[in-house]
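This report describes a structural model chain by chain and contact by contact. Please consult the sequence and coordinates shown here alongside the text.

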Amino acid sequence: MADVVVEHGRVAGATGARKRTSLHNALKRKSTVAFFLTLPLILLIALLVLYPALFSIHLATLNKSMQKFVGFGNFTFLFKRETFWMVVKQSCIFAITAVIFKALIGFIVAHFVHNIPAKGQRKWRGMLLVPWVIPPAMSTLAWLWLFDPSYSAFNYTLSLFGIGPVNWLGDAAWARFSIILVNVWYGAPFFMIMYLAALKSVPDQLYEAAAIDGANWWQRIWYVTLPMMRNIIAITTLFSLIVTFANFDIVRILTSGGPLDQTQIFATYAFRVGIESSDIPLGASVSLFMVPILAVAAIFILRDVNKRGNEA
Amino acid sequence: MSTIAIDKAGPRRKVKYGSMSRDRAWALRWSYFFLVVFVIFSLTPPIYMLITSLKSSAEISAATNPWWVFHPTLSNYVELLTSNQFLRFFWNSAMVSIVVVIVTMLISVPAAFALARMKFWGSATLATGVFLTYLIPDSLLFIPLFKMFALIQDLTGITLLNRWYVLLFVYPTLTVPFCTWIMIGYFASIPKELDEAAIIDGASWLQTLTRIFIPVALPGLIAATIFAFTVSWAQFLYPLVFTTSIDQLVLPVGITTTLIKGDVFNWGQIMTGALLGAAPPLIIYAFLMDYYIAGLTAGATKG
């Protein structure tokens, strides 16, 4: 690569010097071209991602009317609020439980799809990925209707077995369960697809060798599949952890954080405080609490992705 | 060795060796059984959407089996598709998504080309930065962005809040990093001999990009386009925060805020709206599933 680049420069220099102006040469230089090609990207990231991120730290240090600097005042205020600690606990329970179940279900389903003859896999995979394709706001509306306490399907079905009626979204424990269920429904297909791709990349010889050594199916998963898929499992899980932790749509539409803020997570609480109660600095402080966990996950993802890049 | 070969392809062949292929056949039956269970789980909400959308309000509130339509009617569809408000949401969504897709491609394809092929000062850092930006969720930035747009309005008089076109500025922050990232991967996988040959033949960098890289990486380009479209179409938080007037809303926010009037849920119409809102991504997915999946799995790989 480097050789060609040098050659390109030399050719351009030799012929161009006579024919074209120096401005033309500058425009033909690789670094200039590269700069202009990446300029829109750099501007976008700087103005609409980096700047708001820093601005949010600034906002978090102001008082409600945004005229006085209060330092860590918003944070100490939040630390004293019981609701805030509930949000922290809620977000962690929600994200960890949902990610574990998504990963497990995704792994199991990927195995089943991998197990069946290759001819039919496409069809099954196509149907199983549908939850991931529907915009979450739309599918959550369908769940909201399925959870409806009096007229709808779940309680009707349960009543046939003499159970219920369950107050799916009105009772705090059931509401948490419902939110996690919807999130698992939405996110498991993503894991399934990633694992399926990873499963297909495990060389068959390894399984043959394991079978010759007398390994049963469990040993094959434990000693062959899992080590081979370790990297993709790590990346997918961490990625999903970020997305789930920062989730907004599902909780907002299902419960809006209710009953009594008992299902509120960071994103919905920040929305409630910052936009609905128009205390922008406090809302910014709430969402900034997501940064540490997101940063840790991001660092690990980056490490794994780079490792993966070097392997390939 | 031969037993192993049969072990792997067992189920569709004649049973030759007792226990092993019988185990395989049972494993296969269980696989199908659980796949059916999971498919039912996956498809229940969309199918229930369809069922409800075909019912009249009277049937929905009647105490009949909710899983079946006794008197199918298209009145919900007719009502929504003739309502100016709903068409307005649809139009806003389509407009925003299409413009965002175009902007995204115009930004990310040249940038990915530069990052994949033209090693320059800081290119590795920038590529890492792009990936990190992709990991920043919308729920972290909506409050500072909201305040930023309000300040811009105060300082320059340009109204951005409560206008649909504000979304044209914020959606690319969600789509561009991912599209750039996967395009870097696709471009990096193109053999260097191709662009070397082009450069020896006297092609400029831009010609190399438009004549060689874009045609060769077309599958990647399609995957990125699909991704950008579905993300823009599905985005819920930003439009909820930045737009409030009914004529400025996009579909997801429009359906959740206008069809739910107080405590009265007109479920027939809500489900119809949700189904129509889910239709464009579903149709794209039905026709371009392989590109969709390629884009999905490419995000976690490099090169």
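## Interface between the chains

Chain B and chain A bury about 9300 Å² between them, 82% of it on carbon and sulfur atoms; buried area is the accessible area (1.4 Å probe) that two parts lose on being put together, summed over both. Within chain B, the residues that lose the most area to chain A are Leu35(B), Ile143(B) and Trp205(B), together 7% of what that side buries. In terms of contacts, 104 residues of chain B meet 98 residues of chain A, where contact means heavy atoms within 4.5 Å.

Seven residue pairs are in polar contact between chain B and chain A, both residues being at pLDDT 80 or more. A polar contact is a pair of N or O atoms within 3.5 Å; within protein, one must be able to donate a hydrogen and the other to accept it, and residues adjacent in sequence count only if both atoms are side-chain atoms. Helix H2 (residues 18–53) of chain B gives the most to the side of chain B that touches chain A, with 18 residues. Helices (H or I, at least four residues) and strands (E, at least two) are DSSP runs, numbered from the N terminus. By class, this side of chain B has 76 nonpolar, 17 polar and 11 charged residues; Ala, Val, Leu, Ile, Met, Phe, Trp, Tyr, Cys and Pro count as nonpolar, Asp, Glu, Lys and Arg as charged, and the others, Gly among them, as polar.

## Basis and confidence

This is a predicted model, in which local features need pLDDT of at least 70 and side-chain atom pairs count only at pLDDT 80 or more, while totals for chains, interfaces and linings use all residues. Residues are numbered from 1 along each chain as its sequence is written, chains are lettered from A and ligands numbered from 1 in the order in which they are written, and side-chain values use heavy atoms, with hydrogens and water left out.

The mean pLDDT of chain A is 81, and 89% of its residues reach 70 or more; pLDDT is the predictor's confidence in each residue, from 0 to 100. Over residues 1–19 of chain A the pLDDT is below 50, and this stretch has 12 contacts in the model beyond near neighbours in sequence. Where pLDDT is low, the predicted coordinates should not be read in detail.

## Architecture of chain A

Chain A contains 16 helices and zero strands. Of its 312 residues, 53% are buried; buried means under 20% relative accessible area, exposed over 50%, and partly exposed in between (1.4 Å probe, protein chains only). Among the contacts in chain A with a separation of 6 or more, 69% join residues 24 or more positions apart.

## Salt bridges across the interface

A salt bridge is a side-chain nitrogen of Lys or Arg within 4 Å of a carboxyl oxygen of Asp or Glu.

Asp290(B) pairs with Arg122(A), the closest N and O atoms being 2.6 Å apart. Asp290(B) lies in helix H15 of chain B and Arg122(A) in helix H6 of chain A, so the pair joins two chains. Both residues are partly exposed, Asp290(B) at 44% relative accessibility and Arg122(A) at 43%. Asp290(B) also forms a salt bridge with Arg125(A) (3.5 Å, N to O).

## Salt bridges within chain A

Glu276(A) forms a salt bridge with Arg252(A), with 3.1 Å between the closest N and O atoms. This pair links distant parts of the chain, 24 residues apart, with Glu276(A) in helix H14 and Arg252(A) in helix H13 (residues 249–254) of chain A. Glu276(A) is partly exposed at 41% relative accessibility, whereas Arg252(A) is buried at 18%.

Glu276(A) also meets Arg272(A) in a salt bridge (2.8 Å, N to O). Because Arg272(A) and Glu276(A) are four residues apart in helix H14 of chain A, about one helical turn separates them.

## Buried elements

Helix H15 (residues 289–298) of chain B is mostly covered, with seven of its 10 residues buried, including Met289(B), Tyr292(B) and Leu296(B). The cover over these buried residues includes helices H6 (118–128), H7 (130–133) and H10 (172–200) of chain A, together with helices H8 (166–188), H11 (218–234) and H14 (267–287) of chain B.

Asn76(B), in helix H4 (residues 75–81) of chain B, is buried, with a relative accessible area of 5%. The side chain of Asn76(B) reaches the backbone oxygen of Lys55(B) at 2.8 Å.
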